[in-house]
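Q: How does one read burial, ring pairs and a sheet from a model? Please show the structure before starting.

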Amino acid sequence: MSEELANTVYLGGIPEDVTVEQIKHLFITFGEIKSVDLPIDSETLKNRGFAFIEYEDIEDAEAAIDNYDEGELFGKIVKVKPAKPYKPKSFYTKPVWHSEDWQRKNNEEYTYKERVRREKQKKRDEEERKKEEEKAKKYQKKQ
């Protein structure tokens, strides 16, 4: 467990109507609680089924894990585990084309591909112009 989260536990599988006060009341038996973070769903305005409990001491967090993991909370079996640091997944937060690396790579590819396409088009145009000139010369000779 990371040093910064050593005294924080994850409480998962809780009923959606559980409150911060109820969590504090149940988990204070293991030691002094610094804070309880209970994320709320913005649409339903109910908790999201998990919480983080930060204890004053690491030993208190370990006691909560040892004593309450796979325990019952208001009729539901809950998980009490060491909290892990949050790692946002960048590919969920921004489209891939917002990345500077992606833009640089694809702009270079685009400019190269565009340059090749223009050169090929220029050759085709030149060949077509030569054919038209030859046709015009043949036509002039016939007259």
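A: Start with burial: a residue is buried under 20% relative accessible area, exposed over 50%, and partly exposed in between (1.4 Å probe, protein chains only). By that scale Phe 52 is partly exposed, at 26%, while Phe 50 is buried, at 17%. This is a predicted model, in which local features need pLDDT of at least 70, side-chain atom pairs count only at pLDDT 80 or more, and totals for chains, interfaces and linings use all residues. Residues are numbered from 1 along each chain as its sequence is written, and side-chain values use heavy atoms, leaving out hydrogens and water.

Q: What is the geometry of the pair formed by Phe 50 and Phe 52?
A: Rings of Phe, Tyr and Trp (its six-membered ring) pair if their centres lie within 6.5 Å; planes under 30 degrees apart are stacked, over 60 edge-to-face, the rest tilted. Here the centres are 5.8 Å apart and the planes at 80 degrees, so the pair of Phe 50 and Phe 52 is edge-to-face. Ring pairs also bring in Tyr 10, giving a cluster with Phe 50 and Phe 52.

Q: In what order do the five strands lie in the sheet?
A: Strands of a sheet pair through backbone hydrogen bonds, either parallel or antiparallel. Strands are DSSP runs (E, at least two residues), numbered from the N terminus, and two of them pair if DSSP finds at least two bridges between them. This open sheet has the order S2-S3-S1-S5-S4, with antiparallel pairing.

Notes: Helices (H or I, at least four residues) and strands (E, at least two) are DSSP runs, numbered from the N terminus.
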